[in-house]
Amino acid sequence: MTGTVANTSASGFHFGARTHGQFTRRRFLAAASAAAVSLPTSVRAAASYTGMRRAMLADIAGLTARTAASTGVTEIDPKVMDAIGRVLRHEFVPPELAGSAYENRPLRIGYGQTISQPYIVALMTHLIAPETHHRVLEVGTGSGYQAAILAELVDRVHTIEIVPGLALEATERLSRLGYENVEVRLGDGYFGWPAAEPFNAIVVTAAASHIPPPLVTQLAPEGALVIPVGQPFSVQMLVLVRKHADGQVSVHQILPVRFVPLTGGH
């Protein structure tokens with residue numbers, strides 16, 4: 001739901017959502033360039049954010065370099081950066097914050113939640129090493145921004161949100177933007193999504209006091225889970241969990257972060 005770099009010097013009903021693939025988007029953009037005079041108002045408005053998106057990508061690259069000693073990541077995977085550059089972040093924040101959508105910081109989205117800092121979205125997405133054939137679970141849909149990024153990169157995204165209003169809004173937003181490979185579910189993400197397992201990767205966008213065992217169980221062999229672990233409303237540690245081919249699990253600490261707490265019956 002929210003995430004930023006820390007400054008330290010299960011059951012539920014489903015919402016159908018649609019997600020466009022990256023190839024459909026590329027064909028659309030190519031056609032739009034060839035016939036700019038006929039672009040609809042919404043596309044022309046999106047184009048006005050192009051410079052802001054480029055600046056955001058530059059900020060992500062700069063912060064990645066500055067945190068490399070801690071994360072071990074010197075460069076975000078180019079395909080992840082391309083996906084972030086394609087997704088219209090201003091569509092995932094309240095209209096009054098659209099002008100700030102591409103700043104490298106979290107923004108409020110209502111219901112006491114925020115959209116994560118772009119750098120954190122980039123880092124978490126990079127860490128799971130997404131591939132086009134992957135099935136990914138996201139815990140904490142929020143406004144749908146992380147789900148949209150993932151949808152640009154993988155075959156299928158299952159995302160769970162515990163706040164009814166956010167789940168409904170994210171479903172409507174993803175559908176309106178044409179995302180066809182995302183399914184949104186209202187429920188407690190601690191318990192994952194057993195009916196859709198196994199997942200090649202899992203992204204948790206809220207802080208838990210521990211790594212939820214159901215999520216580890218639902219992770220496929222050679223899969224990756226990224227999650228902030230720690231006390232609520234404090235500095236947490238972004239953790240990368242890898243399940244090896246033999247089923248053994250390894251845990252790696254990545255970076256101090258701040259996320260809202262994971263909530264639910266657990």
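Tutor: Let us begin with a convention on residue classes: Ala, Val, Leu, Ile, Met, Phe, Trp, Tyr, Cys and Pro count as nonpolar, Asp, Glu, Lys and Arg count as charged, and the others, Gly among them, count as polar. The model before us is predicted.

Student: How do the residues that line the second largest pocket divide into these classes?

Tutor: The lining holds 8 nonpolar, 3 polar and 4 charged residues.

Student: What volume does the second largest pocket have, and which residues are the closest to its centre?

Tutor: The volume of this pocket is about 180 Å³. Its lining comprises 15 residues, of which Glu91, Val93, Pro94, Pro95 and Arg173 are the closest to the centre.

Student: Which element gives the most to the lining of the second largest pocket?

Tutor: Helix α8 does, with 5 residues.

Student: Glu91 also forms a salt bridge; with which side chain does Glu91 meet?

Tutor: A salt bridge requires a side-chain nitrogen of Lys or Arg within 4 Å of a carboxyl oxygen of Asp or Glu. The side chain of Glu91 meets that of Arg176, with 3.1 Å from N to O. This pair joins distant parts of the chain, since Glu91 belongs to the loop between α5 and β3 (107-110) and Arg176 to helix α8 (residues 164-176), 85 residues apart.

Student: How exposed are Glu91 and Arg176?

Tutor: Glu91 has a relative accessible area of 23% and is therefore partly exposed. Arg176, at 53%, is exposed.

Student: How many salt bridges does the structure hold?

Tutor: There are 5 salt bridges. One of them is formed by the side chains of Arg86 and Glu152, at 2.9 Å from N to O. Here too distant parts of the chain are linked: Arg86 is in helix α5 (residues 78-86), whereas Glu152 is in the loop between α7 (145-151) and β6 (156-161), 66 residues apart.

Student: Why do Arg86 and Glu152 count as buried?

Tutor: The cut-off for buried is under 20% relative accessible area. Arg86 is buried because its relative accessibility is 14%, and Glu152 is buried because its relative accessibility is 1%. A further salt bridge is that between Arg105 and Glu103, at 2.5 Å from N to O. In that pair Arg105 is partly exposed, with 37% relative accessible area, and Glu103 is partly exposed at 34%.

Student: Let us turn to rings. What describes a pair of aromatic rings?

Tutor: The distance of the centres and the angle of the planes describe such a pair. In this structure the count comes to 3 aromatic pairs. In one of them, the ring centres of Tyr49 and Tyr102 are 5.7 Å apart and the planes stand at 45°, so this pair is tilted. Tyr49 is in the loop between α2 (41-47) and α3 (50-66), and Tyr102 is in the loop between α5 and β3, so the pair ties together parts 53 residues apart in sequence.

Student: Are Tyr49 and Tyr102 buried or exposed?

Tutor: Tyr49 is buried, with 15% relative accessible area, and Tyr102 is buried at 4%. Another pair, Tyr190 and Phe191, is edge-to-face, with 5.1 Å from centre to centre and 75° between the planes. Its members have separate descriptions: Tyr190 is buried at 11% relative accessible area, and Phe191 is partly exposed at 33%.

Student: Which residue lies over the face of Tyr145, and which over that of Trp193?

Tutor: Arg89 lies over the face of Tyr145, 5.3 Å from the ring centre. Over the face of Trp193 lies Arg185, at 5.3 Å from the ring centre.

Student: Why is helix α6 described as largely enclosed by the rest of the structure?

Tutor: Helix α6 (residues 118-127) has 10 residues, and 9 of them are buried, so the rest of the structure largely encloses this helix. Among the buried residues are Pro118, Tyr119, Ile120 and Leu127. After α6 comes Ala129, which has a positive phi, near 50°.

Student: Where is Ile115 placed?

Tutor: Ile115 belongs to strand β4 (residues 113-115). With a relative accessible area of 4%, Ile115 is buried. Between Ile115 and Gly144 the C-alpha to C-alpha distance is 8.7 Å, while the two are 29 residues apart in sequence.

Notes
Residues numbered from 1 in each chain as written. Predicted model: local features only at pLDDT ≥ 70, side-chain atom pairs only at ≥ 80, totals over all residues. Heavy atoms only, no water. Helix = DSSP H or I, 4+ residues; strand = E, 2+ residues; numbered from the N terminus. Buried < 20%, exposed > 50% of the residue type's maximum accessible area, 1.4 Å probe, protein only. 1 Å grid on protein atoms, 1.4 Å probe; cavity = no way out; pocket = protein on both sides within 12 Å on 5 of 7 lines; lining within 4 Å. Points joined across faces, edges and corners; volume = space filled by probe spheres on them. Phe/Tyr/Trp six-rings, centres within 6.5 Å; stacked < 30°, edge-to-face > 60°. Lys NZ or Arg CZ within 6 Å of the ring centre and 35° of its normal.
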